[in-house]
Amino acid sequence: MRTQLVPLLLSASVLAAPAPAATPLFDFETDADVAALRLSSQGQSKLQRSPRFATSGASSLEFTTPAWKKGMPEWPSFEMKPTVSDWRPFDRLVVDVTNPRGERHTFQLLISDSKVPFRKGLRYRFDLPMRGCRRFVIPLSSLPRSVDRADIAILHFFTQRPDTDLELHLDNLVLLEKGETLPEPDMRCLRQAAELTLAGVREAEQTLKARQQEAEGLNDSPEAKEVVRGQFGVLMKRLAVLRKELGAESLTLARLDAVARQLTTVPSKADRVVSVLQLHRGCAALGRASGRMLVGFATSMVKVLPRDMPFDLQAARDVELNLARNEKESFQVAVLPVGDGLKQVSVSVGELKSDRGAVLAPDCIQCDVVGYVETKQRPPYSVSYVGWWPDPILDFLGPVDVAAGDLQTFWIRVRVPKAQAPGVYKGMLTVSAEGVAPQRFGLAVRVYGFTLPDHSPLPTAITFSERPAQMGGKDAWPKRKLQYADFLADYYIDYDSLYRKQAPDFDVVKRQHEQGQLVAFNLGNVFNAGAPTSGFDSAMNDTIARLRLAYDKAKNLGLLDHAYIYGFDERGKDQFPTLEKCAQGLQRAFPDVLLMTTSYDHSFGLDSVVKTIDAWCPLTPKFDVQQAAKARAAGRHVWWYICCGPHNPHANMFVEYAAIEGRLLMGAMTAKYRPDGFLYYSLTIWNDNKPIETGPFTTWNPVSWTTYHGDGSWFCSGKDGKPVPTIRLENFRDGLEDYAYALILEDIIRRQEAKSASLTEQEKQWLVQAKAALPVPEPLVKTTAEYSRDPARLYAWRNRVGDLIDRSGVKDANPWGADFGVRGLR
């Protein structure tokens, strides 16, 4: 399911070592060198020699392409055939890249031999500097085994839809054997690159002056203005140090790169100062800014970074939430020390009562510490920051210390029981710290009269891989697996795997079904590692025999409505004939089981040879509403999925992406586009991580699949191997709950329309309002790539839907029926 990616490695010792030993590939010193390159999108992109930014010799290769507009090629690229094809003696490829502009673009390299398509070769993402030069050292140990190192035939460089005009300079492409190093570029090149970075320093100085004026305007007191001047003075002094380093005679490429990296953090640190002052002003207006602790609030749909970056927190006297019965909804409390750090900070909520005396018990409200994971390199997608990101929710961690300058958030999760009486429940939320007067805030929870289901409102096919060693140990696993199954079910996820070769764990499957939580499970995988090139009939017979055991067990338990068979993972049309032959065999053997694939047929079986697959599953950008409708009319199902793609602007679940994206994807976007299900390839790519036992700044490495952060890893392992949820997982469930709201209202509308002749005037008015409120508003979701990240807009739609369900007076709406299964509502 994945293309291999390579981590960026920069070694200062390699950059600075004096021994000039290397095997050159390209140095771009003649026009013939450039003429030998192959350029895509002729007439749009350009390649030419340039006297600027030559890290070796007198010339560099200048690659330019204009800002992307609709109708232009999406992947401007160029490629070269290396002058040395046998790379077996070498362990590294070096490429010097200069970006003279202030934007950071996507830029990648694919390397392969003469037989393997370059898209299946080594993939490397350049973490481009802004206004700077960087030497990239690419480890060749990451070449896929399928690529013949004695026959390297292509280096394919490309970008994707550049937002602005792109200009890059490449030079000094060389191969290094073990122990070989490269000399520094001559000082002329370094001075050219330093001038780029110096322009960034000048721009940062202007930014700081503007931010300082803004900050001083937020508070009229002389004391506050003095604090502002002091904080911005520290940042200006740092810029002065960077400016001095750029003029040093001892300047090296590695030091130049370090200066450029530090420079990128200055504007965000200035914005953070403004954020602190805005929170202070808001708290002061409420009479809550006189002590050593500022308290702000945020929804569950934002990520509040603890350091370096700006934040958007609301000062408030109270907080309000709306929930259905059997629903969970959360918000965040953020604590910021004023002056020195704080000790033993905690948040607590007592009993909540309604006007009628009903009680929402304290154990229905959890106040957990938000933990942080540290990213250390830029991943293969654009991010705003490299450093500490909020992700795990640490329910085992007690009161925590908060250092001066840090911001600590707490996750407040409200769970409303099924039997909770409707009404508005009120109580107090308290923020405490050692030696500081506690701050108390009102908390009001409105409980609607309708109930959400115990199971996911949408069929899903999501892989959970058992990792007993990281989940409490092998000896404890027989009991621990039930804890994980319950944990997953609480987040609307079945205990399932797309890639299983063994029969499902029917003890767990049966248990989830008896608890009303089961929707879908895979009987087994088919040809995930590739269709057999010979002996198809034998392989098919073995597959059917393997699946027969699971099928018979599922049939005996009465679970076939929940069963599916998955296979031919992300295959191209070259495998479609084999896919169809396989599907026919499976259909004959298991006629009542849904057959599903993520193979790349975007006609969904209407225009290809594959006619027997029941469910097609495209990536979200490839989901075509009209084509899906045609496929459904022909009896097919059309799901959708995400994995390491798509990247923004499409929604995904990476650590650095906005938390609201997961909620929108599973909620409002699903309500708008109506896929028949959602598929995801893995929840627990944990690599060598050990369970989280301390915090809030954890040792959990967010790198999951290759160099991605959180792709294929939606939760963590914690103390004693217990599962630890994340902000991303919470928003996944919240989105499905939003989708359940839409389905319930839609069901009530159908009921009311069915008896339209007998409706009262009030009921008719309700019906008009409900039909107007049900569609997802375009300002919230226009397309899968155009949507709002403003939580207020999502809440406006969701709460309007909830209010209308409540006003309908219908208490028993259940569009899913008694045994909702993998085929969904159809």
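## Exercises: strands and salt bridges

Two bridges make the link here: in this predicted model, β31 and strand β32 (residues 678-680) run parallel and are joined by 2 bridges.

**Exercise 1.** Find out whether the salt bridge partners Arg798 and Glu329 are buried or exposed, and which elements their pair ties together.

*Solution.* 
- First, the contact: the closest N and O atoms of Arg798 and Glu329 are 3.7 Å apart, and the cut-off is within 4 Å, so the pair qualifies as a salt bridge.
- Arg798 sits in helix α15 (residues 791-808) and Glu329 in strand β15 (residues 328-337), so the pair ties together parts 469 residues apart in sequence.
- Then look at accessibility. Buried means under 20%; Arg798 comes out at 1% relative accessibility, so it's buried. Glu329, at 0%, is buried too.

**Exercise 2.** Take the Asp271 and Arg211 salt bridge and say which helices it links and how accessible each partner is.

*Solution.* 
- The closest N and O atoms of this pair are 2.3 Å apart.
- Asp271 belongs to helix α5 (residues 253-285) and Arg211 to helix α3 (residues 187-216), so to speak distant parts of the chain, 60 residues apart.
- For accessibility, Asp271 has 22% and counts as partly exposed. Arg211, with a relative accessible area of 25%, is partly exposed as well.

**Exercise 3.** Which helices does the salt bridge between Glu245 and Arg255 tie together?

*Solution.* 
- Begin with the distance: 2.4 Å separates the closest N and O atoms of Glu245 and Arg255.
- Glu245 lies in helix α4 (residues 222-246) and Arg255 in helix α5, so the pair ties together parts 10 residues apart in sequence.
- Arg255 has a relative accessible area of 30%, which makes it partly exposed.

**Exercise 4.** How many salt bridges are there by the rule, and which residues do shared partners join into one network with Lys328?

*Solution.* 
- The count comes to 50 salt bridges.
- For the network, follow the shared partners: Lys328, Asp368, Arg413, Arg415, Asp490, Glu730 and Arg733 are joined into one network.

Definitions and conventions: Residues numbered from 1 in each chain as written. Predicted model: local features only at pLDDT ≥ 70, side-chain atom pairs only at ≥ 80, totals over all residues. Heavy atoms only, no water. Salt bridge = Lys/Arg side-chain N within 4 Å of Asp/Glu carboxyl O. Helix = DSSP H or I, 4+ residues; strand = E, 2+ residues; numbered from the N terminus. Buried < 20%, exposed > 50% of the residue type's maximum accessible area, 1.4 Å probe, protein only. Pairing = 2+ DSSP bridges.
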